[in-house]
Amino acid sequence: MKMTELYIPTLREVPAEAELISHQLLLRAGMIRKLVSGVYTYLPLGYRVIKKIENIVREEMDAINSQETLMSALTPSELWKESGRWEDFGPEMFRLHDRNSREFCLGPTHEEVFTDLIRYEVKSYKQLPLSLYQIQTKYRDEKRPRFGLMRCKEFIMKDAYTFDRDVEGMKAAYDKMWDAYVKVFDRCGLDYKIVEGDAGAMGGSDSHEFIALSELGESVIAYCDSCNYAATDEKAVCGYTVENSDEMMDVEKVHTPSVGTIEELEKFFNTGADSFVKTLLYKTSEETVAVLIPGNKNLNETKLINVLSVPEHELEMADDETVKDVTGAEVGFAGPMGLKEGVRIIVDSRVTKMRNFIVGANETDYHTKNVNYGRDFEGEVAEDLLMVEEGDACHKCGAPLKMDRGNEVGNIFQLGTKYSKALNATYLDENGKEQLIVMGSHGIGVSRTLAAVIEQYNDENGIIWPISVAPYQAIVTVVNAKKEEQLELGTKIYDELKSKGIEVILDDRKERAGVKFKDADLIGIPLRINVGKMASENIVEFSLRKDCVKSEMGVDEAIEKVLEAVK
Ligand code: ATP
Ligand code: MG
């Protein structure tokens, strides 16, 4: 395309609402525009990149014999009610009804819809295994849509579903997806880590997430350099251990007027946070739960959700009223002894190993010291409810864990039979016996991947696209478009590159050279040819956006360089 015909509304200023560099650059480079919070329009440049990423995904899915389909985003409530997710999804689901009051939702994901399709069509073991996918728009009413394309209410996802006869088959399909994802994200040029994810919410067993590394990413991961263990912070096992064989001392109530936080308590008792046990009060739709963890550690809510087996949106911290009701005290003095009847007590296993710790007394301005699990109170013991921290021992090999941040661009799940059971998707095996289909579910955030690439490929002047996903591969800038010989040579190079299949922009605008170079930097086209003063001698400048090192050369050589780089 010629720049004079392209719609690239670039912005000089950094938009105030954009925190992440990818969000800023997507807006500034004229690639997206916000419609409302969490909903974006893709402009021509941005949409070209989306299509590039989609095609990479498509090629790699096709290569493992997953077959492309397209399901409706508008899905009937009945299916979601069958699986139980009409309730479980909670406020994240966009619900609506038609003129006859029939309920629908805009699909946040499509396990039910795909399972529904195959339950009527797949009847025999001979039709399995089967792998289907789609690239489609998803809708989620996110609590905090933010960071531009990273967390939207409407976004583009590739979702694949595998159907197998048995767990072995499901695992083989999972491994194939894994390999395909590696190819996809390698081709996109991303620096990423593959980590264990929490499969609780989806109802499956094994799950891995592909995290594109980025300092400001929303996902936190823990990893071990010595044994390669890596997991999201939600999933990572906290290897914190407690060894204490002190004699149990007598319980003692201590007056602690207006001492509430762990820091204040540390000062008051002149001891470390590891001498305390925190009692955190939570509410679900069914009950109030007291969770006990070591005072120097943080609760991992995902692990608690898994223990409680409730949908994520149903767990919330108890409000002040509830706290006062179940403790009979002001906020800040909760403890495990003397809670109102019916409060469920869940204890992290480390608490059972601590000796003579301090807890709230369930009485305003009082704490209790020398408390011991077993002797003074009991509860349901959960192996691990703690959030990992940098330096915690790896539970596999004991080395200190490291932490990093990034954005989840893809994830693979072994679902097992959760959905086939709920929707009764079965097949007849070789012996004519009815069996549940064993499923997997595998997503890639196509639009989030676009943002993740920019997070990793930018400098102070703009985006630096990897060639594989660049909206155009090359840009020919006519330095002074008022000069006939420059415009002529620029157009000739542009035509030739186009005829050779190169995706190229001709910047033929009658703008100052500085403006054109700035725009070229901003939109980040990887290969560039500047046609300037030496045009009459058939000499141009070739450079890469990556390093901006310009070298003068003959036209043919510059064209050759472009062709080579694209190949
Ligand atoms: P997250 O933990 O970030 O909310 P998720 O676990 O809900 O993600 P999945 O349901 O596994 O995500 O969806 C598959 C992929 O879709 C994710 O790996 C991610 O890349 C992308 N994705 C999920 N939610 C959003 C969103 N709100 N906006 C953009 N992309 C998203
Ligand atoms: Mg989510």
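Contact means heavy atoms within 4.5 Å of one another, and helices (H or I, at least four residues) and strands (E, at least two) are DSSP runs numbered from the N terminus. The structure is a predicted model in which local features need pLDDT of at least 70 and side-chain atom pairs count only at pLDDT 80 or more, while totals for chains, interfaces and linings use all residues. Residues are numbered from 1 along each chain as its sequence is written, chains are lettered from A and ligands numbered from 1 in the order in which they are written, and side-chain values use heavy atoms, with hydrogens and water left out.

**View 1. Buried side of helix 9 (residues 320-327).** T322, V323, V326 and T327 are the buried residues of this helix, where buried means under 20% relative accessible area, exposed over 50% and partly exposed in between (1.4 Å probe, protein chains only). These residues lie on the same side of helix 9 because they cover an arc of only 110° around the axis; the arc is that of the directions from the helix axis to the C-beta atoms. Their cover includes strand 14 and strand 15 (288-294). After helix 9 comes G328, with a positive phi near 70°.

View 2. An α-helix has 3.6 residues a turn, so residues three or four places apart point the same way. N270, which follows helix 7, has a positive phi near 50°.

**View 3. Crossing of helix 2 (residues 44-63) and helix 11 (residues 446-456).** The two axes come within 9 Å and cross at roughly 110°. Axes are lines fitted to C-alpha atoms, for helices over the stretch in contact, and angles run from 0 to 180 degrees between N-to-C directions. Helix 2 is therefore roughly perpendicular to helix 11, given that angles under 35 degrees count as roughly parallel, over 145 as roughly antiparallel, 65 to 115 as roughly perpendicular and the rest as oblique. Helix 2 contributes G46, V49, I50, I53 and E54 to the contact, and helix 11 contributes V446, S447, T449 and L450. Five of the contact residues are nonpolar, three polar and one charged (Ala, Val, Leu, Ile, Met, Phe, Trp, Tyr, Cys and Pro count as nonpolar, Asp, Glu, Lys and Arg as charged, and the others, Gly among them, as polar).

**View 4. Aromatic pair of W178 and F210.** Rings of Phe, Tyr and Trp (its six-membered ring) pair if their centres lie within 6.5 Å; planes under 30 degrees apart count as stacked, over 60 as edge-to-face and the rest as tilted. The W178 and F210 pair is edge-to-face, at 6.3 Å centre to centre with 75° between the planes. W178 belongs to helix 6 (residues 167-187) and F210 to strand 10 (residues 207-213), 32 residues apart. W178 is partly exposed at 26% relative accessible area, whereas F210 is buried at 0%. Ring pairs join W178, Y181, F185, Y192 and F210 into a cluster.

**View 5. Surroundings of R509.** R509 lies in the loop between strand 28 (504-507) and helix 13 (513-523). Its relative accessibility of 16% counts as buried. Leaving aside neighbours within four places in sequence, R509 is in contact with M3, T4, A481, V515, K516 and D519.
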